[in-house]
Amino acid sequence: MAKAIRQIKKEARTREEEQAEAVAGIVRELADNSEAILTMISIVKNLHEMGALDTLSALIEKRNDVGVIAIQQINKPEIHKTIKNGINAFNFLGTIHPDQLKTMLSGMSKGLERAADSAEKEDTPSLWQLGKSMRTPETRATMAMMMEFLQGMGEGINEVPRHKK
């Protein structure tokens, strides 16, 4: 009969063998991902040339002080309102149909151009000239759109409960 195995002989690897295997694994991964590594090196080089790495390093070194200042700023009531307003603005933009927004912004752009041009002119139109301009199709279309806007805004205001100070 055979003898029972009482000891398992482990082959102990030397520190040099472990290091050689680790280096081989790193080299293998570098070779497999060379394009990504080169891109990362390029990004880090550009960040260094911009001075961003120095800034980031300083921020990390002073992280406790920076954290305290950031928390103090975030705890201000104005910042709370800013955050809420930002969220409300994004929610508002999400409700607008892109084609409607494009139409409105295009009209605003043209209107701003015309306003800037008229501001450069030295002569101010008379009341008679202003009255005559009310009859143009462009002015009437704008006034009709603004009236619809004002009516819709009034409906929206009446739907929301009013806050008392």
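Student: Which helices each supply at least two residues of the lining of the largest pocket?

Tutor: The general idea comes first: rolling a probe the size of a water molecule over the atoms shows where empty space is left. In this predicted model, the helices that each give at least two residues to the lining of the largest pocket are H6 (98-120), H7 (127-133) and H8 (137-159). The largest share, 9 residues, comes from H6.

Student: What volume does the largest pocket have, and which lining residues are the closest to its centre?

Tutor: The volume of the largest pocket is about 900 Å³. Its lining consists of 23 residues, and those closest to the centre are Gly 111, Arg 114, Glu 138, Thr 139 and Thr 142.

Student: How do the residues of that lining divide by class?

Tutor: The lining of the largest pocket divides into 8 nonpolar, 10 polar and 5 charged residues.

Student: What can be said of the second largest pocket, its volume and its lining by class?

Tutor: The second largest pocket has a volume of about 350 Å³. Residues that line it include Phe 92, Leu 93, Met 104, Glu 148, Phe 149 and Met 153. Two or more lining residues come from each of helix H5 (77-95), H6 and H8. The largest share, 5 residues, is again supplied by H6. By class, this lining holds 9 nonpolar, 2 polar and 1 charged residues.

Student: Which residues form the nonpolar patch on the surface?

Tutor: The patch is formed by Met 146, Met 147, Phe 149, Leu 150, Met 153 and Ile 157, which together have about 570 Å² of accessible area. Phe 149 lies in helix H8, and this residue also lines the second largest pocket.

Student: Where do Arg 13 and Glu 21 stand, buried, partly exposed or exposed?

Tutor: Arg 13 is partly exposed, at 44% relative accessible area. Glu 21 also counts as partly exposed, with 47% relative accessibility.

Methods: Residues are numbered from 1 along each chain as its sequence is written. This is a predicted model: local features need pLDDT of at least 70, side-chain atom pairs count only at pLDDT 80 or more; totals for chains, interfaces and linings use all residues. Side-chain values use heavy atoms; hydrogens and water are left out. On a 1 Å grid over the protein atoms alone, a cavity is a set of points where a 1.4 Å probe fits but cannot get out, and a pocket is an open set with protein on both sides within 12 Å along at least five of seven lines; lining residues have an atom within 4 Å of a point. Grid points are joined across faces, edges and corners, and a volume is the space filled by probe spheres set on the points. Helices (H or I, at least four residues) and strands (E, at least two) are DSSP runs, numbered from the N terminus. Ala, Val, Leu, Ile, Met, Phe, Trp, Tyr, Cys and Pro count as nonpolar, Asp, Glu, Lys and Arg as charged, and the others, Gly among them, as polar. Patches are made of residues with over 30% relative accessible area and no salt bridge: like charges are joined within 9 Å, nonpolar side chains (Val, Leu, Ile, Met, Phe, Trp, Tyr) within 5 Å. Accessible areas come from the Shrake-Rupley method with a 1.4 Å probe; for residues, only the protein chains shown count as cover. A salt bridge is a side-chain nitrogen of Lys or Arg within 4 Å of a carboxyl oxygen of Asp or Glu. Buried means under 20% relative accessible area, exposed over 50%, partly exposed in between (1.4 Å probe, protein chains only).
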